[in-house]
Amino acid sequence: MPTHDVLCFGETMTMFVAEQTGDLATVGQFAKRIAGADSNVAIGLARLGFNVRWLSRVGNDSLGRFVLESLRQEGLDCSSVETDNVHPTGFQLKARCDDGSDPVVEYFRANSAASHMSSALISANLVNARHLHATGIPLALSPGCRALSHELVEQMRAAGRSISFDPNLRPSLWPDRASMIREINALAVKAHWLLPGLEEGQVLTGLQAPEDIAAYYLDRGVEQVAIKLGAEGAYYRSAAGEGRVAPVPVAQVVDTVGAGDAFAVGVVSALLEGLDLAEAVARGNWCGSLAVQSRGDMEGLPRRHALEQHTLRRSA
């Protein structure tokens, strides 16, 4: 029997968020938090009651200790996180925007401890989880991280587990666009559930319509595709059918960072609970709407009691 509901992996960085608006160079006060698309999803699933195992590396430094303690407080099993005595924990600076626009983020992650992950991290019981969630970010960090990503996916597939994949394109981390497209697609087609944004799908396939993007991946073995359409909601398609789900109205957008991760939390959690794809996408839209109303990458991710209340209101 699986020992965990979900296995997630990637890099968690310390994030210093500006307390004032304006150029980062002029900001004098920052709040310390954590950031990372992969761990955002892990935290979101843990908040909804799933037993989540986290695989990563942090530096043997104060930022690494802060990251680990923050993840443990969120309920993640961090027993598979290694401490690197040579390479530092990555961090980032994030600007404050009060108008709902995308904030400026400056990364300091080159040669970080997490970028030195490899397949050597995989232990005999690591893949004994019910589900694997992966993103395209580790693929871009280093050849070792890329090998780890493929090996985890292959082992989970061989064990008959389900796999979700969010491309999470980061062009600045890749040497060129062609490499990014090739490597991301090589892993995307191994997933059962694919969760790209519309622009990501357009970049990766060269196609424009969400219907065509979904068909591209379904033809290559992906079972279910949910495409984020921003303010227009989301589109979904599988062998059972297709459709669109309207967005959840939001009075004020505070911070857009992490909305896609929240969408993944909603979709993956719902599918793991046995809901159909349309219901899963609706939950994804709801989680995303909460994320954009909260300052921070993962602070708006809901807990189980909030989801239960939302479900009751929808069924009333």
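I began with a term: an axis is a line fitted to C-alpha atoms, for a helix over the stretch in contact, and an angle runs from 0 to 180 degrees between N-to-C directions. I noted also that the model is a predicted one.

**Entry 1: helices α9 and α10**

I recalled that two packed helices are described by the angle between their axes and the distance between the axes. I looked up both values for α9, residues 277-291, and α10, residues 304-315. Their axes come within 12 Å and cross at roughly 120°. That makes α9 oblique to α10, because angles of 65 to 115 degrees count as roughly perpendicular and only those over 145 as roughly antiparallel. I recorded the crossing of α9 past α10 as right-handed.

Next I listed the residues that meet. From α9 these are E279, A282, R283 and W286, and from α10 they are A306, L307, H310 and R314. I sorted the residues of this contact by type and found four nonpolar, three charged and one polar.

**Entry 2: the four-stranded sheet**

I then followed an open sheet of four strands, whose order is β3-β2-β6-β7 and whose pairing is mixed. Which strands stand at the edges? They are β3 (30-35) and β7 (105-108). Each has a single partner strand, so one side of each is left without a neighbour in the sheet. On average, neighbouring strands here are turned by 25° against each other, with direction ignored.

I examined one pair in more detail. Strand β6, residues 91-96, pairs with β7 in the antiparallel sense, over four bridges. I took K94 as an example and found its bridge partner in β7 to be V105.

Helix α2, residues 62-73, touches β2 (13-21), β3 and β6. The direction of α2 makes about 65° with that of β3.

Is strand β8, residues 129-135, largely enclosed or left open? I found six of its seven residues buried, so β8 is largely enclosed by the rest of the structure. For this step I used the cut-off that buried means under 20% relative accessible area.

I looked up two pairings of β8. With strand β1, residues 4-9, it pairs in the parallel sense over four bridges. Within that pairing, L7 has L132 in β8 as its bridge partner. With strand β9, residues 162-166, β8 runs parallel too, and five bridges join the two. Here I noted H131, whose bridge partner in β9 is S162.

Technical notes
Residues are numbered from 1 along each chain as its sequence is written. This is a predicted model: local features need pLDDT of at least 70, side-chain atom pairs count only at pLDDT 80 or more; totals for chains, interfaces and linings use all residues. Side-chain values use heavy atoms; hydrogens and water are left out. Angles under 35 degrees count as roughly parallel, over 145 as roughly antiparallel, 65 to 115 as roughly perpendicular and the rest as oblique. A crossing is left-handed if the near helix is turned anticlockwise from the far one by less than a right angle, and right-handed if clockwise. Contact means heavy atoms within 4.5 Å. Ala, Val, Leu, Ile, Met, Phe, Trp, Tyr, Cys and Pro count as nonpolar, Asp, Glu, Lys and Arg as charged, and the others, Gly among them, as polar. Two strands pair if DSSP finds at least two bridges between them. Buried means under 20% relative accessible area, exposed over 50%, partly exposed in between (1.4 Å probe, protein chains only).
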